[in-house]
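Student: I have a new model open on my screen. Could you walk me through reading its surface and its charged pairs?
Tutor: Gladly; let's look at it together.

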Amino acid sequence: MAKQIDVATNNTEDMGKLEATEEVIADIADDADCNTVVAAATTLGKDVLPRVAVRMEAGMASDVIGVVRTGEGLGVRRPMWAGNLVGDAVVTSENKVFSVRASAFDAAEPAGDKSEIAMFAAQPD
């Protein structure tokens, strides 16, 4: 269960722009003192997450299809070489960004408790 779900609000047209979206995601992570951002590997996710990683000075793994324990700690499993090989990788930076293939994971089961909803007033430059 997520401890908190952050919802960004903004009444301007800027939120449809990649630059504004990346800034808001990075600002929410910073405001929440969060060092890991995970999102689906959708068209938007694939466009915006590398920008978020740069803004957060984070390492990134894309198209994650699993989470594994390695000798170096928690790792991710992802396809490589145009999907002909599956490998495990560890992102060692303090901040991390992951795009995940949603179809590779089972749907979350209801935990019974409710997550806190936190509104975030987005103010992109």
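Tutor: Take Asp-27 to begin with: at 31% relative accessibility it counts as partly exposed, because buried means under 20% relative accessible area, exposed over 50%, and partly exposed in between (1.4 Å probe, protein chains only). Before going on, note that this is a predicted model, in which local features need pLDDT of at least 70, side-chain atom pairs count only at pLDDT 80 or more, and totals for chains, interfaces and linings use all residues. Residues are numbered from 1 along each chain as its sequence is written, and side-chain values use heavy atoms, with hydrogens and water left out.

Student: Which residues form the negative surface patch?
Tutor: Patches are made of residues with over 30% relative accessible area and no salt bridge, like charges being joined within 9 Å and nonpolar side chains (Val, Leu, Ile, Met, Phe, Trp, Tyr) within 5 Å. Here Asp-27, Asp-30, Asp-31 and Asp-33 make up the negative patch. Asp-27 sits in helix H1, residues 18-31; helices (H or I, at least four residues) and strands (E, at least two) are DSSP runs, numbered from the N terminus.

Student: Which residues make the nonpolar surface patch?
Tutor: Ile-5, Val-7, Ile-117 and Met-119 make that patch, with an area of about 360 Å². Strands S1 (4-9) and S8 (116-121) each supply at least two of its residues. Met-119, in strand S8, counts as exposed at 57% relative accessibility.

Student: How many salt bridges does the count come to?
Tutor: A salt bridge is a side-chain nitrogen of Lys or Arg within 4 Å of a carboxyl oxygen of Asp or Glu. By this rule there are 6 salt bridges. One of them joins Arg-51 and Glu-19, with their closest N and O atoms 3.7 Å apart. Arg-51 lies in helix H2 (residues 43-56) and Glu-19 in helix H1, so the pair ties together parts that are 32 residues apart in sequence. A network of salt bridges links Glu-19, Glu-22, Arg-51 and Arg-55.

Student: Is Asp-63 buried or exposed?
Tutor: Asp-63 counts as buried, at 15% relative accessibility. Its side chain meets that of Arg-101 in a salt bridge (3.7 Å, N to O). Arg-101 is in the loop between strand S7 (96-100) and S8, while Asp-63 is in strand S3 (residues 59-64), 38 residues apart.

Student: What about strand pairing?
Tutor: Two strands pair if DSSP finds at least two bridges between them. Strands S4 (residues 66-70) and S5 (residues 73-80) run antiparallel and are joined by 5 bridges. They form a hairpin with 2 residues between them, and Val-67 has Val-76 in S5 as its bridge partner.

Note on methods. Areas by Shrake-Rupley, 256 points an atom, 1.4 Å probe, with all protein chains shown as cover. Lys, Arg positive; Asp, Glu negative; His and termini not counted. Charge placed at Lys NZ, Arg CZ, Asp CG, Glu CD.
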